[in-house]
Amino acid sequence: NLSSLDWVLFTLICFPHQDLQNCFQEQIRLQGQVRLLEHRVKQQQLKVVQLLEKKEIQYSDRGDENSVIDLGGKRQYSDCAEIYNDGHKQSGFYKMKPIQSPAEFLAFCDMSEGGGWTVFQRRSDGSQSFDRVWTDYEEGFGNFVLPNGEYWLGNKNLHYLTNQGNYTLRIDLTDFEGERRFAQYARFGVAGEEQSYEMSCGEYSGTAGDSLTGGFHPDVKWWADHRGMKFSTRDRDNDNYEGNCAEEEKAGWWFNRIFKSYLRTKYQFKNKG
């Protein structure tokens, strides 16, 4: 079908050079070429869309690797519970600044299990050495970018976090067969540097057993209760053992007489106000 303008152009082009029949044949040939070109253009457009989608997936995958979530500095949060309660439900690293903390720091917020859990220790694959000195544990160390990166948040930061309210400690453990268990303690707190980051906690609940307070049997509390213990490292021995638990076990902890609550295998250690 030709519009009036097309017909005029068609007439001016065709009639001076060839008869009408040949012109119609030429028109059909050109229309076929146009349709072929249109098909090729659509194919190219589809390829462009597919490439863009692939690139978007690649960026998304990188986002999974680099799990630092920027909230745009709209407000300052004191812990992961505040972030969760403000409507941010995605697990990842967030900036926070507890009330008494002199500076912001990154911590992983686990938004599962009710959400708002501030993870202060993560062990997943043995990529980080926890055989470190006092200052390392005081300031914090490890991988604060990957969602499964191993790290210790730092005793200073842990003190600032737990000193601003009533916190619950939760320990998530997974064995090599994938079975999961947890231990939970009320009123978890860590004192300041002057008290060598002494640890306190309340009642136990969960499925992993109570290895932090020795509550599984009253006769063992004298050596299995870690409440009230100061933090120990290989260069600062604050335990009740005749040797140095941190030196023997190659990591810092709130040791009493070593092994009952030694959590340096694959697990997640977190707290929530």
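Leu146 is partly exposed, with a relative accessible area of 38%. Here buried means under 20% relative accessible area, exposed means over 50%, and partly exposed lies in between (1.4 Å probe, protein chains only). Leu146 sits in the loop between β4 (141-142) and β5 (151-152). Helices (H or I, at least four residues) and strands (E, at least two) are DSSP runs, numbered from the N terminus. Together with Val68 and Val145, Leu146 makes a nonpolar surface patch of about 200 Å². Patches are made of residues with over 30% relative accessible area and no salt bridge; like charges are joined within 9 Å, and nonpolar side chains (Val, Leu, Ile, Met, Phe, Trp, Tyr) within 5 Å. A salt bridge is a side-chain nitrogen of Lys or Arg within 4 Å of a carboxyl oxygen of Asp or Glu. Accessible areas come from the Shrake-Rupley method with a 1.4 Å probe; for residues, only the protein chains shown count as cover.

The model is predicted: local features need pLDDT of at least 70, side-chain atom pairs count only at pLDDT 80 or more, and totals for chains, interfaces and linings use all residues. Residues are numbered from 1 along each chain as its sequence is written, and side-chain values use heavy atoms, with hydrogens and water left out.

The protein chain has a mean pLDDT of 81, and 76% of its residues reach 70 or more. pLDDT is the predictor's confidence in each residue, from 0 to 100. Over residues 1-16 the pLDDT stays under 50. For this stretch the model has 13 contacts beyond four places in sequence. The pLDDT is also below 50 over residues 55-65, a stretch with 4 contacts beyond near neighbours in sequence. Contact means heavy atoms within 4.5 Å.

The protein chain contains 7 helices and 10 strands. Of its 273 residues, 37% count as buried. Among contacts with a separation of 6 or more, 51% come from residues 24 or more positions apart. The chain exposes about 15,600 Å², of which carbon and sulfur atoms supply 50%.

A search of the whole structure finds 1 disulfide. It joins Cys80 to Cys109, with an S to S distance of 2.0 Å. The pair links distant parts of the chain: Cys80 lies in helix α3 (residues 80-85) and Cys109 in strand β2 (residues 105-110), 29 residues apart. A disulfide is here a pair of cysteine sulfur atoms within 2.5 Å. The torsion about the S-S bond of Cys80 and Cys109 is about -80°, so the disulfide is left-handed. Both cysteines, Cys80 and Cys109, are buried. Cys201 is buried as well, at a relative accessible area of 10%. For Cys245, also buried, the value is 0%.

Helix α5 (residues 155-162) is largely enclosed by the rest of the structure, because 7 of its 8 residues are buried. The buried residues are Asn155, Asn157, Leu158, His159, Tyr160, Leu161 and Thr162. Asn155 and Ser196 are 41 residues apart in sequence, and their C-alpha atoms are 9.2 Å apart in space. Ser196 is found in the loop between β7 and β8 (199-200). Ser196 is buried, with a relative accessible area of 12%. Not counting residues up to four places away in sequence, Ser196 touches Trp134, Lys230, Phe231 and Asn238.

Thr213 lies between β9 (204-206) and α6 (221-224).

Backbone torsions complete the description. Most residues other than glycine have a negative phi. Glu113 has a positive phi, near 50°, and is not a glycine. Glu113 lies in the loop between β2 and β3 (117-123). Glu113 is partly exposed, with a relative accessible area of 41%. Arg187, likewise not a glycine, has a positive phi of about 50°. Arg187 lies in strand β7 (residues 180-190). Arg187 is partly exposed, at a relative accessible area of 44%.
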